[in-house]
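Subject: Structure handover

Hello,

Here is the structure we talked about passing on. Please open it first, then read the notes below alongside it.

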Amino acid sequence: MSKLTIGLFGFGCVGQGLYNILERSQHESIGVKKIVVKNPEKDRPLPRQRFSFHPDDILKDGEINVVVELTDDADAAFAILKSALQNGKHVVTANKKMLAENLEEIVHLQRRYNRSVLYEAAVCGSIPIIRSLEEYYAHEEISSVEGIFNGSTNYILTRVLEERLSYAEALNEARRLGFAETDPTLDVEGLDPRYKLSIVLLHAFGVVISPELIPVSGITRMGREESEFAQKNSLSLRLCAHAVKQDDKVFAWVMPQFIPLSHHLAHTRLEYNAVQITGEFAGRQLLTGKGAGSMPTALAVLSDIIALQNNYRYPLTKRKSSKCPLFSTNISLNAWVRFDGNQAITWTVFNKVFGGYANAGCQVIVGELALDTIAYLAQQEGVHVVLLPEDFKITSWPAAGTEIRREAAVACVQ
């Protein structure tokens, strides 16, 4: 495809970033013909005549062969995507919610209309994770993909742990810098990285599932106890996404996790993301880059647009494999469980109990639990769950707490 004529939906942070990159780089074979936005009253940095308010001005324009969808409305984005494909146009999008909720149908629509849908910018900003999985790891037996998939929460946690800011202070700072939305729910409750992880499952393992099936917990309940425990045990705390393959099953979850300071994820700071891929032949490899911000995300969008000049389409090699694993949540993990006096958590919910402590108004129990149990507890009022490394040994409890060793810990939750 020699010349790409773009119809752009949305002119927010990423849309403006893309427009500016195209203007500065002056790609002679790539140009934006029309920009469709929703609000005709909003002030924008371009003349009013550059904008339209009617989707068909792009979707029905025969000269436009690429639709770039950068809106924040998942339902509207899916309608745009379907109409674009039906009208013979390729689609580039960054809308991870729309993609995650409609992946199976999107795969089908691409084949039906013989057009591409590319979405590198939807997962981890500037990190080329989707194409890496589809090309470099196409014939690799991947055992796990894990990492930090959300720049907003990583910025907040970095500031809380390293600068001793409160959660509210760090969140407000992230908003001011443009890393967090006015309503940060999708980020801080773990929903945004869950959408991204469900997309990764397709490209890493060939698995398509509803994102709602992936257990999730966010960072809004993080408190002083977690911060003190991390400091005393040489740990950091990050919101991590995990996908792990064992035999013919793949497991996935998004939850806060304590990480040893020696681990590279502990050094992934501020708005940066990191994706660690472990494979049979390549071993363990790490990709890092900015996961939030106008220009890094816009650059990922541009890389997809340029890929269309070579008629690129995701080959979906793992999806076509006869060895595609089944999704499951039947796995057990080590976790820190903090709960207040209003909760009656019994020892029977733990497979194993390693220890714990009691403090004024709360108790903490550390042990092994089923993933489904962890997900259930994480949604209960007054409970906060943080995962622990598999082989981690506790060396110190917060000074204000009274340590409860294994036998007493079992007794205190009976």
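Two strands pair if DSSP finds at least two bridges between them. Helices (H or I, at least four residues) and strands (E, at least two) are DSSP runs, numbered from the N terminus. This is a predicted model: local features need pLDDT of at least 70, side-chain atom pairs count only at pLDDT 80 or more, and totals for chains, interfaces and linings use all residues. Residues are numbered from 1 along each chain as its sequence is written, and side-chain values use heavy atoms, with hydrogens and water left out.

**Strands around E15**

Start with strand E15, residues 362–370. Strand E14 (residues 352–359) runs antiparallel to E15, and seven bridges join them. The hairpin of E14 and E15 has two residues between the strands. There, glycine 361 takes a positive phi near 90 degrees.

E15 also pairs with strand E13 (residues 332–340). That pairing is antiparallel too, over nine bridges. Alanine 335 has glycine 367 of E15 as its bridge partner. E15 is mostly covered: seven of its nine residues are buried. Buried means under 20% relative accessible area, exposed over 50%, and partly exposed in between (1.4 Å probe, protein chains only).

**Cores**

Next, the nonpolar cores. Such a core is a set of buried Ala, Val, Leu, Ile, Met, Phe, Trp, Tyr and Cys residues joined through side-chain atoms within 4.5 Å. The largest has 112 residues. Leu18, Val68, Tyr119 and Trp336 have the most contacts inside it. Helix H9 (residues 191–205) gives the most to this core, with eight residues. A second, separate core of 22 residues includes Trp253, Met255, Val383 and Leu387.

What does tyrosine 119 touch, leaving aside its neighbours within four places in sequence? Its contacts (heavy atoms within 4.5 Å) include Leu99, Ile130, Ile199, Asp304 and Tyr314.

**Salt bridges**

Side chains of opposite charge can pair when their charged atoms come close. A salt bridge here is a side-chain nitrogen of Lys or Arg within 4 Å of a carboxyl oxygen of Asp or Glu. The whole structure has 19 of them.

Take lysine 196 and aspartate 192. Their closest N and O atoms are 2.8 Å apart. Both residues lie in helix H9, four residues apart, about one turn of the helix. Lysine 196 is buried at 4% relative accessible area. Aspartate 192 is buried at 6%.

Arginine 159 and glutamate 163 meet in a salt bridge at 3.9 Å, N to O. They sit in helix H6 (residues 151–163), again four residues apart. Arginine 159 counts as buried at 19% relative accessibility. Glutamate 163 is partly exposed, at 44%.

Glutamate 271 and lysine 290 also form a salt bridge, at 4.0 Å, N to O. Glutamate 271 lies in the loop between strand E9 (249–260) and strand E10 (272–279), and lysine 290 is in strand E11 (residues 283–290), so the pair ties together parts that are 19 residues apart in sequence. Glutamate 271 is buried at 11% relative accessibility, whereas lysine 290 is partly exposed at 32%.

Salt bridges link Arg224, Glu225, Glu226, Glu228 and Arg338. In helix H10 (residues 224–232), Glu225 and Glu226 are among the buried residues. Just after H10, serine 234 takes a positive phi of about 55 degrees.

**Aspartate 187**

Which charged side chain is nearest to aspartate 187 with opposite charge? Lysine 196, at 6.1 Å. Lys and Arg count as positive and Asp and Glu as negative; His and the chain ends are not counted. Aspartate 187 is buried yet has no salt bridge. It is found in helix H8 (residues 185–188).

Its side chain does make polar contacts. A polar contact is a pair of N or O atoms within 3.5 Å; within protein, one must be able to donate a hydrogen and the other to accept it, and residues adjacent in sequence count only if both atoms are side-chain atoms. Aspartate 187 meets the side chain of asparagine 150 at 2.8 Å. It meets that of serine 152 at 3.3 Å.

Best wishes
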